[in-house]
Amino acid sequence: MTTVPAPKESSAKITAEQPTIHSVQPVNARSRTPVYLGTRRFLGRRDLVVSFYTQKCQFKCSYCALPMASANEPVSVDDLNAQIDYVFQSKRENLSRFQQLSFGNEGSVLDRRRFHRESLHRLLDHTNSMEDLSVLSLETRPEYVRQATLADVIARTNADVVEVTVGFETQDDHLRQVILQKNISRRVMEDRIKLLGELGVRLTSYVLVKPGPGMTEDAGVREAVATVEYLADLCNDAGVVFTAYLNPTYVAKGSLLEQSSELGLYTPPKIQSVFRVLVASQRQGIPTYVGLWSEDLAGPNGDYRGYDDFDPGLRSAILEFNRTGDFNHLASFVDELA
């Protein structure tokens with residue numbers, strides 16, 4: 001659930017909250033344009049967001065239906081390069097306006113089998129035409145974060161900051177490994193955060209709100225807050241700048257989670273619960289973004305909007321906070337909900 005990001009989230013969750021989709025092609029088509037290309041304001045920065053069309057992720061997370069938008073077979077260097085050229089050609093008039101570039105695919109842009117190293121270099125060379133680029137954000141799984149790879153990225157871009165965006169989702173090992181089937185261990189995540197500190201690379205991590213079947217709203221809030229605190233502590237110890245990216249879990253059509261929902265074992269979190277996690281994160285001084293788009297994959301009543309007490313005013317206020325990073329947009333909700 002990403003770009004990358006972001007909407008992949010990822011998972012290409014890095015999609016924008018008000019999407020501008022330039023090209024979506026059938027999964028069996030030979031694609032020379034990205035799955036997604038859009039723009040957003042990310043905590044005050046103008047962000048160009050891309051999700052590239054590549055071979056689908058080999059991991060089968062239980063809540064994710066994004067592989068249905070990706071290729072069954074490898075995408076060639078030529079086709080991937082064409083996607084990259086398309087992005088920079090179509091946005092050439094406005095490249096100087098963006099302070100951030102967030103890009104991903106279904107899986108990891110640091111996975112050489114799915115995102116060719118030649119293509120990564122081509123993209124990084126293109127970023128040098130973005131005169132105001134301050135943050136380059138790459139969506140990846142942690143096992144692909146390697147010293148030589150990141151050093152290469154840093155050397156090839158003029159961005160002030162390089163950041164990796166990782167879908168760690170939850171600090172609860174059973175939820176992450178068994179229920180969500182993420183196949184990401186604490187040890188790997190902790191080792192990679194130490195490496196990020198050594199290289200001066202930032203971390204954004206997706207955190208799922210209410211990730212487990214049978215969870216109450218309060219339990220979902222507590223788990224998400226615990227995850228944010230766990231990652232923030234690791235990053236603080238390693239000297240890594242950390243941003244939490246909250247994603248309310250949604251029931252994607254075609255995902256394994258949909259089967260749990262049909263059996264009455266799972267309900268999505270309420271937007272009020274997501275807000276409570278955001279308040280807790282803000283009180284600890286942790287930069288936080290909230291992903292409120294279900295990537296057009298949620299079925300009826302499959303996300304936070306399906307409740308009778310859904311508050312569109314709160315959603316609008318959170319979106320404005322996402323754009324500006326100014327919590328004053330949400331101050332009027334704190335006494336009532338937090």
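**Reading the sheet and its helices**

Modeller: Five of the five residues of strand S4 (residues 135-139) are buried, so S4 is largely enclosed by the rest of the structure. The model is predicted.

Colleague: Which residues of S4 point one way and which the other way?

Modeller: Val135, Ser137 and Glu139 point one way, Leu136 and Leu138 point the other way, and all are buried.

Colleague: How should I read the pairing of such a strand, and how many bridges join S3 to S4?

Modeller: In general, strands of a sheet pair through backbone hydrogen bonds, either parallel or antiparallel. Here S3 and S4 run parallel and are joined by four bridges. Within S4, Leu138 is the residue that stands opposite Phe103.

Colleague: In what order do the strands form the sheet?

Modeller: The sheet is open and has eight strands, in the order S1-S2-S3-S4-S5-S6-S7-S8, with mixed pairing. Strand S1 (36-42) and S8 are its edge strands, each pairing on one side only. On average, neighbouring strands are turned by 20° against each other, direction ignored.

Colleague: Which helix packs on the sheet and touches S1?

Modeller: Helix H1 (residues 77-90) does so, touching S1, strand S2 (45-51) and strand S3 (100-104). The direction of H1 makes about 50° with that of S1.

Colleague: Let us turn to S7. How many of its residues are buried?

Modeller: Seven of the seven residues of S7 are buried, and the strand is mostly covered. Phe242, Ala244, Leu246 and Pro248 point one way, whereas Thr243, Tyr245 and Asn247 point the other way.

Colleague: How many bridges join S7 to S6, and how many join S7 to S8?

Modeller: Seven bridges join S6 to S7, and these two strands run parallel. Between S7 and S8, which also run parallel, there are three bridges. Phe242 of S7 is the bridge partner of Leu203, while Leu246 stands opposite Val290 in S8.

Colleague: Which residues of H8 are buried, and what covers them?

Modeller: The buried residues are Ile271, Gln272, Ser273, Val274, Phe275, Val277, Leu278, Val279 and Ser281. Their cover includes strand S6 (202-209), helix H6 (217-238), strand S7 (242-248), strand S8 (288-290), helix H9 (312-324) and helix H10 (331-337). Just after H8, Gly285 takes a positive phi of about 75°.

Colleague: What is the general idea behind a pattern of buried positions on a helix, and which residues of H9 are buried?

Modeller: An α-helix has 3.6 residues a turn, so residues three or four places apart point the same way. In H9 the buried residues are Leu314, Arg315, Ala317, Ile318, Leu319, Phe321 and Asn322. What covers them includes S1, H8, S8 and H10.

Colleague: How do the axes of H3 and H5 cross, and which residues meet there?

Modeller: The axes of helix H3 (residues 147-156) and helix H5 (residues 186-199) come within 11 Å and cross at roughly 35°. The crossing of H3 past H5 is right-handed. Gln147, Leu150 and Ile154 in H3 meet Leu195, Leu196 and Leu199 in H5. Of the residues in this contact, five are nonpolar, one is polar and none is charged.

Colleague: Where is Leu234 found, and with which residues is it in contact beyond its neighbours within four places in sequence?

Modeller: Leu234 is found in helix H6. Beyond those neighbours, Leu234 is in contact with Glu190 and Ile193. Leu234 and Glu190 are 44 residues apart along the chain, and their C-alpha atoms are separated by 7.0 Å.

Colleague: Finally, where is Leu43, and where is Glu169?

Modeller: Leu43 lies in the loop between S1 and S2, and its phi is near 50°, a positive value in a residue other than glycine. Glu169 belongs to strand S5 (residues 161-169). Phi of Glu169 is near 75°, again a positive value in a residue other than glycine. Glu169 is buried, with a relative accessible area of 0%.

Methods: Residues numbered from 1 in each chain as written. Predicted model: local features only at pLDDT ≥ 70, side-chain atom pairs only at ≥ 80, totals over all residues. Heavy atoms only, no water. Buried < 20%, exposed > 50% of the residue type's maximum accessible area, 1.4 Å probe, protein only. Contact = heavy atoms within 4.5 Å. Axes fitted to C-alpha atoms, helices over the stretch in contact; angles between N-to-C directions. Left-handed = near helix turned anticlockwise from the far one by under 90°. Nonpolar A, V, L, I, M, F, W, Y, C, P; charged D, E, K, R; others polar. Pairing = 2+ DSSP bridges.
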